[in-house]
Amino acid sequence: MKLGFLTACLPGLPLDEIADWAVAEGYQALEVAVWPSTGGRDFEASHLPVAGFTDADEQHTRELLDRTGLTISSLAYYENNLHPDPATRESIRTHLKHAIDTAARLGVDSVGTFVGRDPRLSVLENLREGEKVLPELVEYAGERGVKIVIENCVMEGWHPDGYPGNLAYSPELWEWMFGLGFYLNWDPSHLTWIGIDPLETIEPYLDRIVHTQAKDVELFPGKRNRYGFFGIVDKGGDPWATGWWRYRVPGLGEVDWRHVIDRFHDLGYTGTVSVEHEDPVWGGTPEKVKQGLRIAHRTLSPLVEP
């Protein structure tokens, strides 16, 4: 098991600088963000030019990994593969294939994305649509020796009423997407705030968990008593405002990391635990983000490498 982090939290820094800093701080792997550009929403970054990835890009990346000793645990392009606009959906599909091609060239086992959702349709209608359009992506990746991992993020900000915008938030939906050939990028923070015990979801699905994101969540039950589970109605223009919970770096929230990592050790998990830093307390500047990553490393490294 290795400890890494998702580079999307440092969108303004080049990958070389991030890699050097990561090694100095004791990290062993990077989950590299490969959005085509930045600015669409928070926590996305473009750290490898996967669209038009050249031989020179491949050589430079391999030299970077050789020099630092880091591994790339996964490429990250988390977008809505059921987007309601056909042109946008196609551009997402095309870029995801670029990410898969780049992963294959670099020998990276997986690429991460979302199932997504068309918010105009019901959940069941989206599942039927997904069964039509998603298997082709799985087949494309499989032909290149790459697994597509789906993060179980709720993506409530993609739905106007704060309902799930990514249809991979529960074990029931995981079983549906496993049937299509997807794998899971397991993240306990999302399970915690929607009321699912993360520990109970590891063993039954271990064979499909090929990557793990380490993100924590802080709950405010008193505020939930005012807004209800679905969160604040007047979001003040921020679709991600919930009013009663927020993401934190590991060790500053509700997730029981000692038992989570121990469960993974017990069951023989050998993949990467990748810190996904979206903590507003330790965000805003690169230096604060780095401090958040240090806090996460102090929390997790004694558990990942006991």
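**Strand pairing, burial and a surface patch**

Tutor: The bridge partner of Gly4 in β2 is Ala29. The chain passes from β1 to β2 through helix α1 (residues 15-24), in a right-handed β-α-β crossover; right-handed means that, with the strands pointing away from the viewer, the path from the first strand over the helix to the second runs clockwise. The model is predicted, so local features need pLDDT of at least 70 and side-chain atom pairs count only at pLDDT 80 or more, whereas totals for chains, interfaces and linings use all residues. Residues are numbered from 1 along each chain as its sequence is written, and side-chain values use heavy atoms, with hydrogens and water left out.

Student: How many bridges join β2 to β3?

Tutor: Five bridges join β2 to strand β3 (residues 71-80), and the two run parallel. Within this pairing, Leu30 stands opposite Ile72 of β3.

Student: Why is β2 called largely enclosed?

Tutor: Buried means under 20% relative accessible area, exposed over 50%, and partly exposed in between (1.4 Å probe, protein chains only). Five of the five residues of β2 (residues 29-33) are buried, so the rest of the structure largely encloses this strand. Ala29, Glu31 and Ala33 cover one side, and Leu30 and Val32 the other.

Student: Which strands form the closed barrel?

Tutor: Eight strands form it, in the order β1-β2-β3-β4-β5-β6-β7-β10, with parallel pairing. One of the pairings joins β6 (residues 183-186) to β7 (residues 209-214) over three bridges, with Trp186 opposite Thr212.

Student: Why is Tyr163 called partly exposed?

Tutor: Tyr163 has a relative accessible area of 35%, which lies between the 20% and 50% limits, so the term applies. Tyr163 lies in the loop between β5 (147-151) and α6 (171-179).

Student: What makes the nonpolar surface patch?

Tutor: Tyr163, Phe229 and Phe230 make a patch of about 300 Å². Nonpolar side chains (Val, Leu, Ile, Met, Phe, Trp, Tyr) are joined within 5 Å, and like charges within 9 Å. Areas come from the Shrake-Rupley method with a 1.4 Å probe; for residues, only the protein chains shown count as cover.

Key: Patches are made of residues with over 30% relative accessible area and no salt bridge: like charges are joined within 9 Å, nonpolar side chains (Val, Leu, Ile, Met, Phe, Trp, Tyr) within 5 Å. A salt bridge is a side-chain nitrogen of Lys or Arg within 4 Å of a carboxyl oxygen of Asp or Glu. Helices (H or I, at least four residues) and strands (E, at least two) are DSSP runs, numbered from the N terminus. Two strands pair if DSSP finds at least two bridges between them.
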